[in-house]
Amino acid sequence: MKIALFLEAYLSQASASATHVSLLAEGLVKLGHEVLIVTTDPETDDCYEQDGILCCPAKPSASLFGQSARVSKLPGLMPMIEAFSPDLIHIQTFTEIGGIGLKYAQKHQLPVVCTIHELQDVLEGYGANRPAVLFNKRQGQTLLKKILSGSDVITTASKKCAKAVQALFPCQIHTIPYCVDTERFCPRPLDDPSKESMRTRLHLTDGKVGFVFSGRLSAENRVDDLLAFWSKAVALRDDLRLILVGSGPDAAELHERARVLGVGDKVFFAGSLTRDDLSLCFSVCKAFVSASDSITMEAAPIEAIASGLPVILRPASANADLIISGVNGFSYETPDELGDIVKKLAQLDADGELLMRKLVSKTAASLTDLNQAKALVSCYEMALGRHTQS
């Protein structure tokens, strides 16, 4: 089967949706399918295709993706998609790129599968002023409903996302498994020599114990709330450190927030890390911790679990569905609950940590690119059957 995947900002943003598409493409190729990824690139003035990735020029945007397709350039994608001649269109975004995927499918009478990753721009809008926010919100919801109504099968990995969509547009949604790069994110030997340099890099020397958050430093991830929880949970513990990995529009404000809360010396802003460095970062920390209540299924907590790192999440988080309490993670509501969990994990000796990492990583053993691809192929076959009957 030849599948065209449509996703905004695939090249320039390390997001859960980009990770999903990358691993899905790898899994589909392993199963013998052909894949074309259609996305945008702000560094080009013309549509181009390279190594199975077809790009449309993009412009800066206040959206979650930070960019959007230049509408005047979208028609240039059509002959390149036609050259690939897909059997099925898989839309992963409710932007102009998703819209062109639907347009192509309708023109060529192809089945459509849609995967919902996030709804922030659709639910909240974006822009420099209130009229722009409301306009973009209205446009986003119109395109969302258009894509969903034109899809033969709708999927998501987040049950919370499914409920939010169904409140806007009643429809049947199939839950699909998330997956993780289990070759990159896996437990490392305790005596791995590269760990020491990472500890130094993260300021985890002299017996300091690290707990890590990885993600966009912005309001939707509630990093400001995490700092507030951390300031109360570890007030009297000089050996505990919160490592914040990532970048975002609120980074400078969060630096100041940590200082005002009195935990500037107990929080380290590590900036953006490569995927390999993030895996190494997970190997030297005790747990992944977040205060997010997002309906989006994020990649980082799943990657942490695959690395053998337990996750500490709010119950309202979409990723909380992955927690097997006391096995691969914990949930908390109050600073005291967070503090109790953090302190117990910090006290684990080497043998206890080794056992914990083995147990945690086993819960992600089935979250492979191949298993995810098999699940999506079942959805593709369902879409083909429904499209033929319609």
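Reader: What makes Ala9 count as buried?

Author: In this predicted model, Ala9 has a relative accessible area of 0%, and because buried means under 20%, Ala9 is called buried. The residue is found in the loop between strand 1 (2–6) and helix 1 (16–30).

Reader: Why is His203 called partly exposed?

Author: The relative accessibility of His203 is 47%, and since the partly exposed class lies between the buried limit of 20% and the exposed limit of 50%, His203 counts as partly exposed.

Reader: How do you know that the length of helix 5 agrees with what it should span?

Author: Helix 5 (residues 130–149) has 20 residues and, at 1.5 Å a residue, should span 28 Å. The C-alpha atoms at its ends are 28 Å apart, so the two values agree.

Reader: Why are the buried residues of helix 5 said to line one face?

Author: The residues in question are Asn136, Gly140, Gln141, Leu143, Leu144, Ile147 and Leu148, which are buried in helix 5. Seen down the axis of helix 5, the buried residues fall within an arc of 170°, so they line one face of the helix. On the other side of helix 5, Pro131, Arg138 and Ser149 are exposed. The buried residues of helix 5 pack against several elements, including strand 7 (112–116), helix 3 (96–108) and helix 6 (159–168).

Reader: What makes the pairing of Arg259 with Glu256 a salt bridge?

Author: A side-chain nitrogen and a carboxyl oxygen must lie within 4 Å, and the N to O value for Arg259 and Glu256 is 2.5 Å, so the pair qualifies as a salt bridge. The two residues are three residues apart in helix 9 (residues 251–260), and so are separated by about one helical turn. Arg259 is exposed, because its relative accessible area of 54% is over the 50% limit, whereas Glu256, at 37%, is partly exposed.

Reader: How do you know that Arg188 and Asp192 also form a salt bridge, and is each of them buried or partly exposed?

Author: The closest N and O atoms of Arg188 and Asp192 are 3.5 Å apart, which is within the 4 Å limit. Asp192, at 16% relative accessibility, counts as buried because that value is under 20%, while Arg188, at 25%, is partly exposed.

Reader: Which residues are linked with Asp181 in a network of salt bridges?

Author: Asp181 is linked with Arg184 and Asp276 in such a network. Between Asp181 and Arg184 the closest N and O atoms are 3.2 Å apart. Asp181 is partly exposed at 21%, and Arg184 counts as partly exposed at 31%. A search of the whole structure finds 18 salt bridges.

Terms used. Residues numbered from 1 in each chain as written. Predicted model: local features only at pLDDT ≥ 70, side-chain atom pairs only at ≥ 80, totals over all residues. Heavy atoms only, no water. Helix = DSSP H or I, 4+ residues; strand = E, 2+ residues; numbered from the N terminus. Buried < 20%, exposed > 50% of the residue type's maximum accessible area, 1.4 Å probe, protein only. Expected span 1.5 Å × (residues − 1). Arc of directions from axis to C-beta. Contact = heavy atoms within 4.5 Å.
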